[in-house]
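The following paragraphs walk through a few local features of one model. Keep the sequence and the coordinates open while reading.

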Amino acid sequence: MHHTGTLYLSRTRPVVDTAPDGAWRLTLLLLDRQGTHETEAWRVRWVGDASRAWHAQHQHLLEPGAVLRVHLERARSHLGQANVPEIRARVVCIQIEPKGTPAVREQLSNQEQPASVAA
């Protein structure tokens, strides 16, 4: 199953390391702002040459709160650090969106909701 949506980079720094098979790997902790006081954590991993090239081009934009349009696969629920639930998924692709004003961010988030939910 694939998941597409707008998520926000958390304060946790992106992690660059090597996957068990030796491939280059980028791990990001992203936040899904579902409401004023409701946030869901997503830990996503992107492995391979495409992630390396994307990181080299965009690493200077990876600041807390950065707006990311993501296309993910294989999402699974896990207990993360301190037993806080998080969703883990593999990245298919990521695009960085302009941060913009809060109204622009809300519009991006609302675009992700089914038509029956958006009013």
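A residue counts as buried under 20% relative accessible area, as exposed over 50%, and as partly exposed in between. The model is predicted, and the values below are computed from it.

Start with Arg74, which has a relative accessible area of 44% and is therefore partly exposed. Arg74 belongs to strand β5, spanning residues 67–79. Its backbone deserves a look: phi is positive, about 55 degrees, although Arg74 is not a glycine. Most residues other than glycine have a negative phi.

Next, go to the loop between β1 (2–9) and β2 (15–18), where Ser10 is found. Is Ser10 buried or exposed? Its relative accessible area is 7%, so Ser10 is buried. Two kinds of neighbour can be listed for this residue. Within the chain's local stretch, the Ser10 side chain reaches the backbone nitrogen of Thr12 at 3.1 Å. Leaving aside residues up to four places away in sequence, Ser10 touches Leu29, Leu30, Leu31 and Pro64.

Trp46 and Trp54 are both buried.

Notes: Residues are numbered from 1 along each chain as its sequence is written. This is a predicted model: local features need pLDDT of at least 70, side-chain atom pairs count only at pLDDT 80 or more; totals for chains, interfaces and linings use all residues. Side-chain values use heavy atoms; hydrogens and water are left out. Buried means under 20% relative accessible area, exposed over 50%, partly exposed in between (1.4 Å probe, protein chains only). Helices (H or I, at least four residues) and strands (E, at least two) are DSSP runs, numbered from the N terminus. A polar contact is a pair of N or O atoms within 3.5 Å; within protein, one must be able to donate a hydrogen and the other to accept it, and residues adjacent in sequence count only if both atoms are side-chain atoms. Contact means heavy atoms within 4.5 Å.
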